[in-house]
Amino acid sequence: QGTVSSAGEFKLKGSVTDFPIAPVLDFMGQQGSGLAAVQFDVSGTEDAVDFTGVTQLKQVNIAGLEIEEAHGGLSMQDNIVVLKNYKVTMAQGESVLNGSINLQGEEPVFDLDVETAGVRAEPFIKVVAPEVKLTGNVNNIMFVKGTLTMPDISGKFLLTDGSAEGYLIDKIETDYSYQANNLVISDCDIVALSTEAKLNGRMDAEKNLDFKVDIRDIDLSALPINDDTVDLDGYANAHGTLTGTLSKPFFHGDVSSKSIMINGEELTDIQCKLDSDGGIKNHLLGSFKQAPKGVLSAELDYNHEQKLLQGNIVAIYGNVRSILKMAKADYNVDGLAQGEIAINPHGSGSGIFVDVWVDDISINDLKYEEMKFKGHLQDKVWYFDDVKLMETKDVTDKGIVAVGGKVDLANGKLELEAGAVDANPALVTAFMSDPVEVTGDLNMFVQLHGTLKDPEGNGSVEVKNGSVASIGFDDFTAMLSLANDNLKIEQAMLNKDIYK
């Protein structure tokens, strides 16, 4: 109801319910749908409309964003729309808008303050960055200026109790701005369980990243590296840059830790350079220490998609038992190693190649001063390419044991050949569950086969100035066979003084 003069001036009052808003959105350059109800006072002329009223929106969809209901005061004068405490209710949470939209030009110009509380992140992320996996509760204060084609946006964002790319997030809090298709993140603080990360940088229109990153107390047990072959535990710090793209970020920087555990074995004082995209390319160059006095350096590449680890490890006084346990090989072997370990040097499945010297080595409690070990592990089979045990360091003409062959760890089988020159004869019985005591100087050639738990074998031995079960002799020669944990002596000849 109202009046309209002959001069074209009008003054009207009325209400409208459930009219579609799609034409209004189309005028503003947006696609969407919904229904509106308005109580209004409108006056002026065709060229200068003044509007004041209260509006309500229902069942709104704008650019894929669902709005259950919105209402508030709205006025327009000189083609400038003013919103006052305009409340927008989502499926969870709400936003309150205050400000203006200038409709005088070719496209709307915004000057709005938007305060959001308790909404879910998922609907917004689905619209603005569908490739990003982000969930959580969002509070946001945003200042929107400019046009839809050239927006100038700034604000403060807080996300709580959510997840990012499948990892639980306690909090993400940051200041941000969006100008000329560039998103700038300032003083971003991310907290996830024990881990806290600081980010500063920008993302351009092509979603290229340029950020500085400082991360503290990364929980290594939560990383995707953990699988049935690698159990990684401990905490690390990282500092560097984050580049690449939003869908494929790339980290370059330093990683350090006081202590980490690999399959239950500790490494300390870790200092590394890391280049990583979290997927195909993960390159690490670093050094670390190992009890009791080991210093190790490594250059490793890990392809997470192929579960492929490649690279080299150089050890100085590396703890052999601990290194074997890291490879999930728990054996009664001790010693301090110096040398190099090459992992899959010829590609996937090519194995682990070891070329080391080991000091103070003990195998099944048999002690040697030094060992040369050159061999490789492939498909859970150890191949002994050049293995020599020396009872006295730097002495190469006696007290020597040479070993060749292979040990199948997966099936618990072995095929070995061993030769000895003036060595400890206890080697002959080392694989027995209850070995008999043997002393003297041993010369031998032995072949072993069967299983690790119940090996079999045969050979020829000569023991000088020795004893068996405390019974002494001058010289002993025999053919030996081992089966069912019993050592059988054949064609034996023993000399003691004048006796044979």
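Guide: Val-295 has its place in strand 19, which covers residues 294–303; strands here are DSSP runs of E with at least two residues, numbered from the N terminus. The model is predicted, so local features need a pLDDT of at least 70 and side-chain atom pairs count only at pLDDT 80 or more, while totals for chains, interfaces and linings use all residues. Residues are numbered from 1 along each chain as its sequence is written, and side-chain values use heavy atoms, leaving out hydrogens and water.

Val-295 counts as partly exposed because its relative accessible area is 39%, a value between the limits for buried (under 20%) and exposed (over 50%), with a 1.4 Å probe and protein chains only. Together with Ile-316 and Tyr-317, Val-295 forms a nonpolar surface patch with about 230 Å² of accessible area. The areas come from the Shrake-Rupley method with a 1.4 Å probe, and for residues only the protein chains shown count as cover.

Cys-272, by contrast, is buried because its relative accessibility is 9%. This cysteine lies in strand 17, residues 265–276. Strand 17 runs antiparallel to strand 16 (residues 249–262), with 11 bridges joining them; two strands pair if DSSP finds at least two bridges between them. Across this pairing, His-252 stands opposite Asp-275 of strand 17. The hairpin of strands 16 and 17 has 2 residues between the strands, and Asn-263 takes a positive phi near 50° there.

Strand 17 also runs antiparallel to strand 18 (residues 282–290), through 7 bridges. In strand 18, Gly-286 is the bridge partner of Cys-272. The hairpin of strands 17 and 18 has 5 residues between the strands, and in it Gly-278 has a positive phi near 75°.

Leaving aside residues up to four places away in sequence, Cys-272 touches Gly-253, Asp-254, Val-255, Leu-284, Leu-285 and Gly-286, where contact means heavy atoms within 4.5 Å. Cys-188 is likewise buried, because its relative accessibility is 6%. The structure holds 0 disulfides, a disulfide being a pair of cysteine sulfur atoms within 2.5 Å.

Terms used. Helix = DSSP H or I, 4+ residues; strand = E, 2+ residues; numbered from the N terminus. Patch = residues over 30% accessible without salt bridge, like charges linked within 9 Å, V, L, I, M, F, W, Y side chains within 5 Å. Salt bridge = Lys/Arg side-chain N within 4 Å of Asp/Glu carboxyl O.
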